[in-house]
Amino acid sequence: MGNHRINVRETHAVNLISKDITKIEGLDNAWMFIESINLMSNQIVTIEGLNRCKNLVHLDLRSNRITKIDDGAFDGLVNLEELYLGENKIKKIENLVPLV
């Protein structure tokens with residue numbers, strides 16, 4: 001996730017609040033065991049790169065710079081139960097069928 005390298009093999013929750021993260025990237029297979037990610041108060045514009053997080057239950061993306069949610073943004077997140085997107089400027093949502 002940018003310049004923030006984290007050893008996720010020994011945890012089920014990752015808190016990256018206010019780390020100036022602009023993009024979700026570089027997630028390897030170890031992230032498939034993470035159940036909770038808090039990315040609140042960053043600079044994220046696009047929801048992408050989370051498809052390896054198969055066990056993700058809680059995702060907090062509040063207070064970022066997200067303006068639209070693209071089709072496929074949540075593909076693979078079959079266990080997602082809690083999604084927080086408040087305090088963004090979302091104007092367009094493509095397709096949330098995978099979350100239903």
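1. N38 has its place in strand β2 (residues 36-38), where strands are DSSP runs of E with at least two residues, numbered from the N terminus. The model is predicted, so local features need pLDDT of at least 70 and side-chain atom pairs count only at pLDDT 80 or more, while totals for chains, interfaces and linings use all residues. Residues are numbered from 1 along each chain as its sequence is written, and side-chain values use heavy atoms, with hydrogens and water left out.

2. N38 counts as buried because its relative accessibility is 10%, buried meaning under 20% relative accessible area with a 1.4 Å probe, protein chains only. Leaving aside residues up to four places away in sequence, N38 touches V14, N15, L16, I17 and D60, a contact being heavy atoms within 4.5 Å. The side chain of N38 also reaches the backbone nitrogen of M40, at 2.9 Å.

3. The largest nonpolar core has 23 residues, and I37, I47 and L50 have the most contacts inside it; such a core is a set of buried Ala, Val, Leu, Ile, Met, Phe, Trp, Tyr and Cys residues joined through side-chain atoms within 4.5 Å.

4. On confidence, the mean pLDDT (the predictor's confidence in each residue, from 0 to 100) of the protein is 89, and 86% of its residues reach 70 or more.

Note on methods: Buried means under 20% relative accessible area, exposed over 50%, partly exposed in between (1.4 Å probe, protein chains only). Helices (H or I, at least four residues) and strands (E, at least two) are DSSP runs, numbered from the N terminus. A polar contact is a pair of N or O atoms within 3.5 Å; within protein, one must be able to donate a hydrogen and the other to accept it, and residues adjacent in sequence count only if both atoms are side-chain atoms.
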